[in-house]
Amino acid sequence: MENQSQSKELTIEKMLEKEHLLAAYQAVKANAGAPGIDGMTVERLGPHLREHWPRIATKLREGRYRPSAVRAVDIPKPHGGVRTLGIPTVLDRLIQQAILQLLTPAFDPEFSAHSHGFRPLRSAHDAVREAKSYVEEGCCWVADIDLKAFFDQVDHDILMREVARKVGDKRLLKLIGSFLRAGTARAGEPATARTKGTPQGGPLSPLLANIYLDRLDKEMEARGLAFVRYADDIAIYARSQRAAERILENVTKWLERNLKVEVNREKSGAGLTEESSLLGFRVHQDGRISVAPKAREKLKTRVRELWNARQSLTTVQLRDRWREYIDGWWGYFRLAQWNELRSIGKWTRRHMRKCFWQRWHSQKGRWNALWRLGLRGKSLQVAASGVGAWRMAASVQLQCTLTKGTLNAYGFVIPWELAPSK
C-alpha cells in the first residue's frame, strides 16, 4: 500500500507544481554552472521560461519533451587521464532538478545507512567516521573496490527497473529514460547516442547512481559485511587479510554478474587500512585519521601554484586566492589530526617567504620591505644577497620578519595550526 501511495505522488503533475518548480529554479540558479550545447546561461533561463514555459509544460504533460544532448567536457584527473562530464542545458538541468526533488523523498529513506554519497544530511566525513569505527573494532583490513568508469557503465534496463518499483507514471519513466539516452556532443562534432551510462554533470545522475548501487548495498548487508560506500567508492572492512581478499573476490563477481559493471582490478585490492585511503583520508590501526599521501601531494602542488611569484596579483588578491583554497581544503580535511600536517605548515610558510622575497624584486625593494617589517642594522645587508630565493626563505632574517604571527596578521594563515589539538 505504501508503494502505491508513493506512486500516486510521483507524477508529472506533481513535478510541475508551482512551488516545486520554483525550488528547482532556485537550486539551478544557486549552483550556476556552465552553459550546455545551446549556449544558454543561468542568467538567461528566467526570461526564457517566462516566454516558453507553457509550451514546455504541455510537452512534459503529454510525454513529448525531448532533452537536448549534453555537452562533453573533459576534466583532468589528479593522477592522469580525464573524466568526462556531460553538461546538460540549463533548461534540462531545471527539469532534472525537479525530478530529483520529487524522487529523493521516495527513494532516499530506503537507502542503506552505510551509503553516504550525495544524500541529504550525509557527507564524506560520515563515511570516514564509520570506517574509523570499524577499525577501532578490530577490522584493520580493507577491500577497496574501484568501479571502472562506473557512470559510463550503468545498464539502463537494470536502472529503469529499479526506478519503476516506485514510479508508476509512464510519462515520468519515459522522461527519465530520455535523459539517460540523451546524446553527447563535443565541439564541432555531431552528438553520439548513448545506450548505457548516466552522464556526470546533471543534478539527477547522483541519485540514479545511488538507486543503481542500492542493490549492492542490500547484498552486502545481507552478507553481514562491514562497509561504507560513497557514490562509487566502496570500502569493505575485515579482521584478516584472508577475509578481505575473499570479500574482494566475491563482491567483484557479484557486481559484474548482477549489475554488469566492470571492477578495475588494477586499482582494487585488499590491504591494511593504514596503507589504503578513503575519500582522501587514511584511517590508522589506532583510530587516528590522517590525510592520505596522494591528497598531501595534491595540496603541495597547489601550494606551489598559488605561491608562484610570477603571478600578476596584488597582495590582497594573493591573500584572497590563498584563503579561498586553503579554507575550503581544511574544511574538508579537518577530520585529520593537524599535528601530522605540522611539516607541511612549515614548508608552506617557506613558500610564502620565497614568494615575497621574489616579489620585492631588487636590492632596494628588499631593503625597504625588510625595513618596514622591523629589520635593522647589519641584518639589512641581506637585501643584497645573491643566494637563491628558496634558501633565502629559510634564512634567519626572513623568519624573523615574515614570522608566523606576521603572516597570520595579514591573512596568510595555515588553518590547521589555528585549530584545537586533537
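Student: Are Trp329 and Trp330 buried or exposed?
Tutor: In this predicted model, Trp329 and Trp330 form one of the 17 aromatic pairs that the structure holds. The cut-off for burial is a relative accessible area under 20%, and on that basis both of these tryptophans are buried.

Student: How are the rings of Trp329 and Trp330 arranged, and how many Å lie between their centres?
Tutor: Planes under 30 degrees apart count as stacked, and the planes of Trp329 and Trp330 make 20° with each other. The pair is therefore stacked by that cut-off, and the distance from centre to centre is 6.5 Å.

Student: Why is the pair of Tyr332 and Phe333 edge-to-face?
Tutor: The ring centres of Tyr332 and Phe333 are 4.8 Å apart, which is within the 6.5 Å that a ring pair requires. Planes over 60 degrees apart count as edge-to-face, so the pair of Tyr332 and Phe333 is given that name because its planes stand at 85°.

Student: Which residues do ring pairs link into a cluster with Trp329 and Trp330?
Tutor: The stacked pair of Trp329 and Trp330 and the edge-to-face pair of Tyr332 and Phe333 both belong to this cluster. Together with Trp329 and Trp330, the ring pairs link Phe281, Tyr332, Phe333 and Trp416.

Student: Which tryptophan rings have the charged end of Lys300 or Arg376 over them?
Tutor: The charged end of Lys300 sits 5.0 Å from the centre of the ring below it, which belongs to Trp347. Arg376 lies over a ring face at 3.5 Å from the ring centre, and that ring is the one of Trp371.

Student: What is the order of the strands in the open sheet of four strands?
Tutor: The edge strands of this sheet are β5 (226-230) and β7, each of which pairs on one side only. Neighbouring strands are turned by 20° against each other on average, with direction ignored. The pairing is antiparallel, and the order is β5-β6-β3-β7.

Student: Which residue of β7 stands opposite Ala143?
Tutor: Strand β3 (residues 141-146) pairs with β7 in the antiparallel sense, over four bridges. The residue of β7 that stands opposite Ala143 is Ala270.

Student: Which residue takes a positive phi in the hairpin of β5 and β6?
Tutor: β5 and β6 pair in the antiparallel sense over five bridges, and the bridge partner of Ala226 in β6 is Tyr237. The hairpin has two residues between the strands, and the residue with a positive phi, near 55°, is Ala231.

Student: Is Leu279 buried or exposed?
Tutor: Leu279 lies in the loop between β7 (269-272) and β8 (281-283), and its phi is near 55°, a positive value in a residue other than glycine. Its relative accessible area is 16%, which is under the 20% limit, so Leu279 is buried.

Student: Is Leu121 buried or exposed?
Tutor: Leu121 has its place in the loop between α5 (90-107) and α6 (124-136), and its phi, near 65°, is positive although the residue is not glycine. The relative accessibility of Leu121 is 88%, over the 50% limit, so Leu121 counts as exposed.

Key: Residues are numbered from 1 along each chain as its sequence is written. This is a predicted model: local features need pLDDT of at least 70, side-chain atom pairs count only at pLDDT 80 or more; totals for chains, interfaces and linings use all residues. Side-chain values use heavy atoms; hydrogens and water are left out. Buried means under 20% relative accessible area, exposed over 50%, partly exposed in between (1.4 Å probe, protein chains only). Two strands pair if DSSP finds at least two bridges between them. Axes are lines fitted to C-alpha atoms, for helices over the stretch in contact, and angles run from 0 to 180 degrees between N-to-C directions. Rings of Phe, Tyr and Trp (its six-membered ring) pair if their centres lie within 6.5 Å; planes under 30 degrees apart count as stacked, over 60 as edge-to-face and the rest as tilted. A charge sits over a ring if NZ of Lys or CZ of Arg is within 6 Å of the ring centre and within 35 degrees of the ring normal.
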